Amino acid sequence: MSWTREGAYWRRPLDCHDKLFQSIAAAGVPLGREHWLMAGWLQLGFPSTMDPVMREQGLRAAWSSLRLRHPDVALTLHGNEKRYEPLTDEQALQRWTDATFRVETGVRSVDELCSRHLKVAPSAHATCHWVCASSEVAIVSPHWRWDGRGLIMMLHSFMEMLARSSTPSPVQAVVGSEATNLVPTMDALLGVPDIHKDEWLRKADNLLAPFLDESPAIGLPITPALPRDTVRVETVFPKVVTTALREACRARGLRLTAALHASVVLETARYYNQGGVGEAEPAAKYKSWAAFDLRKYCPPPSDGTAHAPSIRMVAFPLIADPTASWDTLASTFQASYAQPLAPPGSDAIFIRVPYVEKATAMLAKAPPSTEPNLSNLGVMEDYLQGRYGDIEVRNVALSVQMLSPQLYVHVWSWGGEMRVSICYNEAFYQEQFVRGWLKGLQTNLLKNLEIEIPS
C-alpha cells in the first residue's frame, strides 16, 4: 500500500486503520456531525516584542511550512483510497493557507470552539485555528488522518516551523516536490503480507468473541437522546501527587495506565450497581479496549515525527470481572499492557490487520455502549518542548467529538502534572455527573495506591 503517481495526483489504497476511523466518522453523518473529530492545541506565550499582527503572520507561515513538511495535512478521501494533489506554485500554497488557516475571534478558547462550533471537519483538509483571546493554536482533523500521539507530534512540527518563521513566507524551494514526504502505511513499512494466514484469522475471531457472545456488560446510566454538543472537563493532579502515583506504581510493578484502568472499572461498576441497571445481570463484565502505540515497532525514522501524520495505534479488547479486587484488576491489566506485539514474542502485529477489519464490521452494527474508554497519551514532553525559540508552550490539550454515550478519558502529563480529560456528549450526561465520576476515579486511584493528598 505505497503511494503511486496517477496523473496530477498521488494515491494509495486505504489500509485497515483508515477504514476503521472512516467508518467511525461516518456514523455521525445522519446527524450532521462527525464522530471522533480531533483537535489538539497549545497555549502559547509570545515575547512582548511580537505584536498581534506579527504573531498571526508567524502562525500562518508555520502552517504553510507544515503543508510542505507534512503534506498528509492535505490528503482527501476518494472511495477506498487517499489522494494528494501536489502544489503547483507559491500562489497555490498561499490559497491553501487562506482556506485552511482560521483566526477565531468569536470564541474565548479552543474548548469553546470545539464544543459549540465545530460539528464536522471545517475542510476536506486539516485546518489550523488561532484563538487570540486565549492565545491558543489548534490543529483540527478527522481521526482517519492521524492518532492522538501523531497529532501531538504535528503540533511539535508546527512549533518548529513557527520558531523558524522570521518572515511571513515559507521556504519556496520545495513547493511542488512535497509529495516525497507522504507517509506510507504501517503495513508497507513492516512488510505485512496481503494474504492473511488462517491462524491470524482464527486469533482475530478469538479476540472479538467476548463482544459477540451477547453476554452483559457494565456501563454508566444514561438519558436516551439524540446527540448534542461535546463537552470536555479536566482535572489536574499536582506535581507532588503525580510523582507519588508514579513511585507507588513502580513499587508495585505496575504501569500507571494499568492502575488507572483498574480504577476506571471499579468506579464504573459502582455507578452501574447504584443505578440499578445491573441488578438483573450479576455476571456482567467490563468490556472495553486497551490502546497500544505501535510506533516503537516501526523502523527509524518512521517511529518519530517524520511519520507523525499517521495512525500507528491499535486497540485490543480488554475484558474484566468488575467484582474483582483493585489489585487483581491492576495486575491483569498490567499483563495486558505489557504484552509484546511483534516477533519473536508475538504475532499480534500481523493479527492486527484481519482483527481491525473484523472489528470495523462489528462496530458498524453494534449497539452503543456506555463504558468509559481510557487512552493514555503518556508524557507530553516526549513529543513537545516547553519552549521553541522565544515562544513558550504553556499548556497542551486534546479532545475528540463524542456522539456515542461513552466518556472518552484521555490521560497525559505536562510539566510534571497528570491531566485526566473527559470528552462526553451533553445529551447523555450532565456535567455534575461527569465531574462526580471523575472525582470518584481520582479518589479510588489514590486510595488503592495508598496516597494522601496534602492539605
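Salt bridges come up at 27 places in this structure, where a salt bridge is a side-chain nitrogen of Lys or Arg within 4 Å of a carboxyl oxygen of Asp or Glu. This is a predicted model, so local features need pLDDT of at least 70 and side-chain atom pairs count only at pLDDT 80 or more, while totals for chains, interfaces and linings use all residues. Residues are numbered from 1 along each chain as its sequence is written, and side-chain values use heavy atoms, with hydrogens and water left out.

I will go through three of the salt bridges. One joins Arg 270 to Glu 267, with 2.5 Å between the closest N and O atoms. How far apart are Arg 270 and Glu 267 along helix 9? They are three residues apart, which makes about one helical turn. When I say helix or strand, I mean a DSSP run, H or I of at least four residues for helices and E of at least two for strands, numbered from the N terminus.

Now for accessibility. Buried means under 20% relative accessible area, exposed means over 50%, and partly exposed is in between, using a 1.4 Å probe and protein chains only. Glu 267 has a relative accessible area of 4%, so Glu 267 is buried. Arg 270, at 36%, counts as partly exposed.

Next, Asp 293 and Arg 295 form a salt bridge, and their closest N and O atoms are 3.4 Å apart. Is Arg 295 buried or exposed? Arg 295 is buried, at 2% relative accessible area, while Asp 293 is partly exposed at 22%.

Glu 392 is partly exposed at 29%, and Arg 394 is partly exposed at 46%. There is also a network: Arg 33, Arg 116, Lys 119, Asp 229 and Glu 426 are joined by salt bridges that share partners.

Let us move to helix 8. Helix 8 covers residues 239-251, which is 13 residues. The expected span of a helix is 1.5 Å times one less than its number of residues. For helix 8 that gives 18 Å, and the end C-alpha atoms are 18 Å apart, so the two agree.

Which residues of helix 8 are buried? They are Val 241, Thr 242, Leu 245, Ala 248 and Cys 249. These cover an arc of only 130° around the axis, so they lie on the same side of helix 8; the arc is taken from the directions from the helix axis to the C-beta atoms. On the face turned away from that buried side are the exposed residues Val 240, Arg 250 and Ala 251. The buried residues pack against strand 9 (230-237), helix 9 (256-274), strand 16 (417-425) and helix 12 (431-448). Just after helix 8 comes Gly 253, with a positive phi of about 70°.

Met 362 counts as buried, with 13% relative accessibility. Setting aside neighbours within four places in sequence, Met 362 is in contact with Leu 208, Phe 211, Leu 212 and Trp 289, contact meaning heavy atoms within 4.5 Å.

Strand 8 is residues 136-141, and six of its six residues are buried, so strand 8 is largely enclosed by the rest of the structure. Glu 136, Ala 138 and Val 140 point one way, and Val 137, Ile 139 and Ser 141 point the other way.

What does strand 8 pair with? Strand 3 (residues 38-45) runs antiparallel to strand 8 and is joined to it by six bridges; Trp 41 has Ala 138 as its bridge partner. Strand 7 (residues 127-131) pairs with strand 8 over five bridges, also in the antiparallel sense. There, Thr 127 has Val 140 as its bridge partner. Strand 7 and strand 8 form a hairpin with four residues between them, and Ser 135 in the turn has a positive phi of about 55°.

Last, an open sheet of four strands has the order 1-2-5-4, with antiparallel pairing. Strand 1 (4-6) and strand 4 (76-78) are at the edges with a single partner strand each, so one side of each has no neighbour in the sheet.

Notes:
Pairing = 2+ DSSP bridges.
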